[in-house]
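Hello,

Here is the structure I promised to pass on. Please open it and keep it beside this email while you read.

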Amino acid sequence: MSCLLRLSGVHFDYQGHSVLRQAAFDLEEGSCSALIGTNGVGKTTLLRIAAGVLRPASGNVILRGRPMETISLKEIARTIALVPQQLELPFEFTVQQVVEQGRTPYIGMLRGPGRSDRLAVDRALDLADVSSLRHRIFNELSGGERQRVKIALGLAQEPRLLLLDEPTQNLDIGRQVELIDLLHFLRDQGITILASMHDLHLVDKNFSTVLLLSPGQPLASGSPEQMLKPSILEHAFQCPPDRHPLLIERAELYRREAR
Amino acid sequence: MAIEIATVSGSSVLEAASPPGRHQGRGAEGGKSRMRPWLLIVLLAVALVVVTLVSIATGAVRISPRVLFAAMFGGHPLTETQRLILFHIRLPRVLAAGVVGWALSLAGLLFQGLFRNPIADPYVTGSSGGAIFGACIGIFFFSQWSVFGFGATGLLAFAGSAATMAVVYSLARSAGKTNVVTLLLAGFAISAMFTNTSYFFEILDKNGDSNRILISWLHGDIGIPAWTELAISGALLGVASLASLPLMRTLNTLALGDEYAQQLGIRIEAARVYIILSGSLLTAIAVSLGGMISFAGLIVPHVGRLLLGPDHVRLLPVTALAGAIFLILADTLARTIIAPSEVPVGILMAFIGGPFFLYLLRKMKRSYTV
C-alpha cells in the first residue's frame, strides 16, 4: 500500500497553548483508522490539519508525496473531504442544495454544475441513504439525518480520503451500525478513512488502525489489539480500570488470553 | 490500493457499487414548495416595466399611460409641458429610484451572505453611514477633485462604505461565526458616528450650498439626478451586478461556514474582500443617488428567500428586479402621499422597514450569543 497522507513533527499552538506536539502518522491508501483521545486533546485540530484547513506551526503534511502547502485548495478538496461535528446553516437550504456544495472544487465560478456533477450528487445522496430527504430543509432534520447529509456532502467531493470528526455523535445504536457499515463499504471502494471516535467498542471491531492522542504525549498508533490495552487506555484517558465497562471487559479478555 | 474516484467527466467507482442498508419509508419527501425562478424573473421584469410606467404617469400633473404609450410609439407627440415633466423630472427620478432599489437590494443580498445573517443590510451594517461620511468629505474638502473622470465624492463614498464594512466584519466575526449582537452594535455605533459627523459638516458649511445636498442625503431623498449622473450610476450598477454574478455560488458555499468553505476549495479571505468591494460599490451607487435609505436591502432579499429559497444564484436576478420595483413604488408613494409636499423615501422606508427589522430580530432571537 502507498502512503496517502503523512504527518511528521506537526506542532500546533492555540492562543499560546500547545495543542499538538510532534504529531506524526502515516495513512495508507485504503486504510480505515480511528483517532481516539480525551476531550480537548486535539483530535479535531489534527483532523483540520490533515484536511489542510489549519496550517501547523511547524512540521510537515505530505499529501501523496507533495507538501500540502504547495497544493491548491481545490486540488486538496478533490482529494480530502472533512466531515466536521457541526454544520449550522443560516438559511433554509434543502438537503440537495447542501450536498451540491460538495461539487464546489469541480465547478468554476461562472460555470454551473454539469451532468457529471449532478450524477456525483445523486450518488452521494444515495450512498449516505438520504435521497429521500433531498427536498427537506436541512435545519429541520434530526441529528442523525444531519450526520448522514454531512457525509453525503463529503462524498459529493469524490474524495480519496474521508476525515470524520466524531461521526457517531447524535446517532442511536442502529444508526451507528449503519454508519459503520457505510464506512466499511467506502473503505472497500478504496476510500481511505480516518475518524475521530469516542465509542471504543466501535473502534475495537471496525478499524484497522488506532491513533491515540494523549495529553503531553506523542501520538501513538497501532492495531486495536495493541492500542486498546487497559493499561494504555487507563493512562491515556485517566480512567480507573475498574470503573468503565470497556476497561473491565478488556482486562478480562487479556486475562483469559494469558491463561 | 489506488482506485481513481475523483473523476469529473467519467464515472466514479462508487457508481457501480451498491451501498449498505437502505432505509425504507424513513424521512419522506417533503420541504417547502418554491416558485420556479424563471417564471418569477419574467413576472418581475414585466412588473418593473408596468410599475415604471405607472410611476411616470403619477404626480401633480398626470400623464396617462395611454399618452405615454402613444408618445413612445410615435402615435401622438407629447406637449412641451408633458415632455419637460417626463424627461427632466419624472423619468430621471423613477430611473434613479430603480437604480437605488436594485443596488441596495443586491448589496443586502451580498452582505447577508457574507455575514451568514438575514439582518445584515447596508444600513444596519453601517455601510451606508460610511458612504455618507466619505461623500461628505468629498463634498466639503475635495469637491474639485476627480480620478479618471470619477468625482471625489463618489470615490470617497465607495471608500467609506468599504472601510466601514471591513471594520464591522472584523468586529462581528469570531471563530467562523457572526456574533449578531456585535454586528448590530458595531453597525449602530458606526452609523451613528458617521451620520452625526455628517451633521457636524452641515454646521460648518457657511454658504449652505452643500447643506441642501447633505440634508436630502441624510433623509434619504431621491432627487432628480442629471442624465449624466444617472448614466454613470447605471453603468456602474451594471459593472457591480456583473461582478456579483460569480460571487453567488461562493455565497452558497460560505453559508456552510468558513471551515467548510475553505475545505471545499474557497479562498476565504479573497472571497470576503471581493464581496465587500462589490457590496460597497453598490452601496456607494445607491447613496450617491438617494442618500441614506434604510432597510430596502433587508426586506427585498428576505422576501426573495421566502419565494425561491436561499440559493443565491437564483436570488440575484430576483432580488435586483424586486428591489428596483419596491423602491420605485415606495418613491412614488413618498412623492404623492401628502402631495403637493413630498416625504423623503428614506423616512417612508424607515416606517416600513423598522417593524420588519424587529420582526426578523424576534424570529431569530435564538441565535443571539449573549
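Predicted model: local features only at pLDDT ≥ 70, side-chain atom pairs only at ≥ 80, totals over all residues.

Two helix contacts of α14(B) are worth a look.

The crossing is right-handed. On the α13(B) side, the contact residues include B:V300, B:P301, B:V303 and B:L308. On the α14(B) side, they include B:L315, B:V318, B:A322 and B:F326. By class, the contact has ten nonpolar, three polar and two charged residues.

The other is with helix α4 of chain B, residues 80-115. Here the axes come within 7 Å and cross at roughly 140 degrees. That makes α4(B) oblique to α14(B). This crossing is right-handed too. From α4(B), look for B:V94, B:A97, B:W102 and B:L109, among others. They belong to a set that meets α14(B) residues including B:L315, B:T319, B:F326 and B:D331. The classes are 15 nonpolar, seven polar and one charged.

Now turn to chain A. Which residues make the contact between helix α4(A) and helix α5(A)? From α4(A) they are A:A120, A:V121, A:A124, A:L125 and A:L127. From α5(A) they are A:A152, A:L155 and A:A156. That gives eight nonpolar residues, with no polar and no charged ones. For orientation, α4(A) covers residues 115-127 and α5(A) covers residues 143-156. Their axes come within 8 Å and cross at roughly 145 degrees. The crossing is right-handed.

Last, the domains. The domain assignment of chain A gives domain 1 (3-228) and domain 2 (229-259). Their C-alpha centres lie 29 Å apart. Eight residues of domain 1 and seven of domain 2 form the contact. On the domain 1 side, four residues are nonpolar, four are polar and none is charged.

Best wishes

Conventions:
Residues numbered from 1 in each chain as written. Chains lettered and ligands numbered in written order. Left-handed = near helix turned anticlockwise from the far one by under 90°. Helix = DSSP H or I, 4+ residues; strand = E, 2+ residues; numbered from the N terminus. Contact = placed C-beta atoms within 7 Å. Nonpolar A, V, L, I, M, F, W, Y, C, P; charged D, E, K, R; others polar. Domains from an automatic or database assignment. Axes fitted to C-alpha atoms, helices over the stretch in contact; angles between N-to-C directions. Parallel < 35°, antiparallel > 145°, perpendicular 65-115°, else oblique.
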